[in-house]
Amino acid sequence: MTTTAGLPPIPGTLIDPLPKATPDVLVDIDEADSAASAAVGVGYRAMTRFNEARATLLAAGTTYYVFLALFSLIALAYGVTALLGADRVASYLTIAISEAFPGLLGEDGIDPASLRAVGQTASVIGLLTMLYAGSGAMVSTNSSIHVIYGAPKDPRNYVMKRVRLLGWLLAIAPLIAFSFVAVIFTDQFGGRVLSAIGLEPDGHAFLSVVVSVVLTLGADFLVVYLILGKLGGIRPPRRAHLIGGVVGALGIAVVRIPMGLILEFSIDKPQYGALTIPIGVLLVLYLNSVIVYGAAAFCAGIAEKDVPLEEIAPGVDLDETLVDLPEE
């Protein structure tokens with residue numbers, strides 16, 4: 001059975017220039033037997049797949065759905081903590097949101113008490129509705145990774161697809177939240193552990209920092225690893241999968257600090273008015289989406305490192321597909 005991951009060109013006359021062939025110098029480098037040539041080849045494959053999939057456009061679409069789902073998911077999380085009577089978890093949730101999106105909650109943003117009230121007063125049906133609304137982000141991510149991997153559309157029926165993606169949403173969301181509260185978690189519980197074994201917490205501040213960084217990177221790695229392995233329609237080879245997860249986690253860590261500074265800088269600019277916080281939130285979501293899709297492209301580049309570069313091109317021979325139509 002033959003499957004196709006994309007649509008073929010329509011009949012007509014090509015008005016854009018033909019896609020450029022792979023430069024001969026890159027082919028020669030890729031065929032050389034060295035670590036440097038392998039790195040160049042993987043990088044070229046990853047960039048080609050990233051560009052051919054229009055990954056930045058996919059990231060923009062995902063950002064839209066995540067932004068729409070964000071407030072439903074936050075209210076849902078507060079509602080679940082209320083049902084479970086987990087007040088401490090609710091406080092961690094508030095901290096995680098504030099760390100991820102400075103200014104979103106508080107005096108200049110949304111009152112956390114209002115979101116808690118929405119979540120706490122919602123019925124079970126209301127919480128399920130919020131969960132369904134929040135799953136749009138997972139649907140977009142699932143479709144985007146399919147495109148980057150070149151996988152055909154998921155053939156499952158609508159209900160099965162949605163239920164599956166809702167399950168992965170429930171698995172991934174707590175990991176994302178934990179990555180933003182790992183420092184606080186380490187300070188509180190790490191100090192208790194050190195005290196229990198007879199050590200002074202104040203004398204091991206560096207150890208606490210190291211542990212919190214490891215926990216944060218570990219949570220980010222698991223998020224990216226699960227997305228790359230479960231939402232693309234194709235399970236990458238283990239080595240490519242692991243490296244893609246590491247690259248994604250490091251990329252998220254790299255942009256996390258400057259993103260916080262950019263958001264705080266934007267909030268201090270009153271000329272942006274009421275749009276300040278939404279613009280900042282959209283920027284953070286977009287950059288994280290780009291990083292995840294870049295990690296997916298890098299993972300794909302490693303997976304196909306043995307495929308000749310001449311074959312790393314759009315999957316349709318334009319010369320054979322396009323036809324000249326008579327002038328009307």
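**Cores, helices and salt bridges in a predicted all-helix chain**

D154 is buried, at a relative accessible area of 9%, where buried means under 20% relative accessible area, exposed over 50% and partly exposed in between (1.4 Å probe, protein chains only). The side chain of D154 meets that of R156 in a salt bridge, 2.9 Å from N to O; such a bridge is a side-chain nitrogen of Lys or Arg within 4 Å of a carboxyl oxygen of Asp or Glu. R156, for its part, is partly exposed at 39%.

The model is predicted, so local features need pLDDT of at least 70 and side-chain atom pairs count only at pLDDT 80 or more, while totals for chains, interfaces and linings use all residues. Residues are numbered from 1 along each chain as its sequence is written, and side-chain values use heavy atoms, with hydrogens and water left out.

The overall picture comes next. The chain has 12 helices and 0 strands; helices (H or I, at least four residues) and strands (E, at least two) are DSSP runs numbered from the N terminus. Of the 328 residues in the chain, 36% are buried. Contact means heavy atoms within 4.5 Å, and among contacts between residues at least 6 apart in sequence, 79% join residues at least 24 apart. The accessible surface comes to about 19000 Å², with 66% of this belonging to carbon and sulfur atoms, as given by the Shrake-Rupley method with a 1.4 Å probe, where for residues only the protein chains shown count as cover.

Inside the chain, the largest nonpolar core has 33 residues, and I148, Y149, I227, L228 and Y293 touch the most other members. A nonpolar core is a set of buried Ala, Val, Leu, Ile, Met, Phe, Trp, Tyr and Cys residues joined through side-chain atoms within 4.5 Å. Among the elements giving two or more residues to this core are α2 (35–52), α7 (136–149) and α9 (205–230), and α11 gives the most, with 9 residues. Apart from this core lies another, of 7 residues, including I74, Y78, L93 and I97. Leaving out residues up to four places away in sequence, Y149 touches R49, L228 and A296, among others.

R49 also takes part in a salt bridge with E304, the closest N and O atoms being 2.9 Å apart. This pair links distant parts of the chain, since E304 sits in the loop between α11 and α12 (318–321) and R49 in helix α2, 255 residues apart. E304 counts as buried at 13% relative accessibility, whereas R49 is partly exposed at 22%. A search of the whole structure finds 3 salt bridges, one of them between D306 and K305 (3.4 Å, N to O).

An α-helix has 3.6 residues a turn, so residues three or four places apart point the same way.
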